[in-house]
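Here's a quick walk through one protein chain, written for someone who likes to know the cut-offs behind the words. Have the viewer open as you read.

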Amino acid sequence: GGQGHVTAVFFNPATILGPVLAPHHLTTSPQILENLLMGRFPMGMAPQLAMPLIDVRDVARAHVLALRLPDAHCVESRRGVPPAADGPDGAAVRGRGRFVLAEDPPLWFLEISEIIRRNFPTYWAPTRRLPNWCMYAGSLFDARLSLAFLRANLGVKRPLDMSKARRVFSDIQWRSPEQMVVDCCNSFLHLGLVPDRRREQEKEKAEHGSSAE
């Protein structure tokens, strides 16, 4: 590019799941999954919120492949800042240099809970939907929940179009939401971030068998 410009690609990933590598990763998107796994939502119910998901490994792979993209898929950026599509360089930006990374359709929290229950039946993932009024009531005591956020997102699924990323990064075998969720939960167990209920249950069965003898 010209002086002070770089050729760049910009990714807009959805909620990133997949295996976590360290405890501090539970302060990011996987914390939502850990809360569902451990049944930490009010009254053991899932709020009527939806999340578009993408796997961390696929995001990383897309970044690597982007290094080899031809200029036709890139955009000139001043010091790594993407020009606004409606700004003076907008005509050169539209349809170029930006990629949405999100599996479609988004999943309701309760749908994610169903995946957890199917694969981790000894845990406490919700089985029912939390009434919306409970979320509004909770916002009075939880600074993380704003009325504006709840009004915009409760009961709303917003589809995202990932067709461009699938076409350009055709070498990636994009992981399914079920694989993202299962691999993420397994990493919690591997790192000891949640109790291993499966081992606890096996131990209980063994002790029960011994006492019966």
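This is a predicted model: local features need pLDDT of at least 70, side-chain atom pairs count only at pLDDT 80 or more; totals for chains, interfaces and linings use all residues.

## Helix 4 against helix 8

Helix 4 passes helix 8 in a right-handed crossing. Right-handed here means that the near helix is turned clockwise from the far one by less than a right angle, with anticlockwise giving left-handed. On the helix 4 side, the contact uses Ile112, Ile115, Ile116, Arg118 and Asn119, while helix 8 brings Pro177, Glu178, Val181, Val182 and Cys185. A contact is a pair of heavy atoms within 4.5 Å. Sorted by type, the residues of this contact come out as seven nonpolar, one polar and two charged. For that sorting, Ala, Val, Leu, Ile, Met, Phe, Trp, Tyr, Cys and Pro are nonpolar, Asp, Glu, Lys and Arg are charged, and the others, Gly among them, are polar.

As for geometry, helix 4 covers residues 109-119 and helix 8 covers residues 177-191, and they pack at about 60° with axes 10 Å apart. Axes are lines fitted to C-alpha atoms, for helices over the stretch in contact, and angles run from 0 to 180 degrees between N-to-C directions. That angle is why helix 4 and helix 8 are called oblique to each other.

Residues are numbered from 1 along each chain as its sequence is written, and side-chain values use heavy atoms, with hydrogens and water left out.

The chain has nine helices and nine strands. Of its 213 residues, 39% count as buried, where buried means under 20% relative accessible area, exposed means over 50%, and partly exposed lies in between (1.4 Å probe, protein chains only). Accessible surface comes to about 12,400 Å², with 54% of that belonging to carbon and sulfur atoms; the areas are Shrake-Rupley values with a 1.4 Å probe, and for residues only the protein chains shown count as cover. Looking at contacts between residues at least 6 apart in sequence, 80% join residues at least 24 apart.

Helix 1 has six of its eight residues buried, so it is largely enclosed by the rest of the structure. The buried ones are Pro30, Leu33, Glu34, Asn35, Leu36 and Leu37, and they pack against strand 3, strand 4, helix 4 and helix 8. Asn35 makes the buried list at 18% relative accessibility, and it touches Arg40 and Phe41, leaving aside residues up to four places away in sequence.

Helix 8 turns up again here: its axis and that of helix 1 come within 10 Å and cross at roughly 80°. Helix 1 and helix 8 are therefore roughly perpendicular to each other. Pro30, Leu33, Glu34 and Leu37 of helix 1 meet Val181, Cys184, Cys185 and Phe188 of helix 8. This contact has seven nonpolar residues, no polar ones and one charged.

## Loops on either side

Leu26 is in the loop between strand 3 (15-17) and helix 1 (30-37), and it is buried at 14% relative accessible area. Its C-alpha is 9.1 Å from that of Phe188, 162 residues away along the chain. Not counting residues up to four places away, Leu26 touches Gln31, Glu34, Phe188 and Leu193.

Phe41 is in the loop between helix 1 and strand 4 (46-47), and is buried at 17% relative accessible area. Beyond four places in sequence, Phe41 touches Ile32, Asn35, Leu36, Pro47 and Phe109. Met43 is in that loop between helix 1 and strand 4 too, but at 57% relative accessibility it counts as exposed.

Most residues other than glycine have a negative phi, and most peptide bonds are trans. Met43 has a positive phi of about 60° although it is not a glycine. Gly39, which follows helix 1, also has a positive phi, near 65°. The peptide bond from Asp104 to Pro105 is cis, with omega near 5°, and Pro105 is in strand 8 (residues 103-108).

Terms used
Helices (H or I, at least four residues) and strands (E, at least two) are DSSP runs, numbered from the N terminus. Angles under 35 degrees count as roughly parallel, over 145 as roughly antiparallel, 65 to 115 as roughly perpendicular and the rest as oblique.
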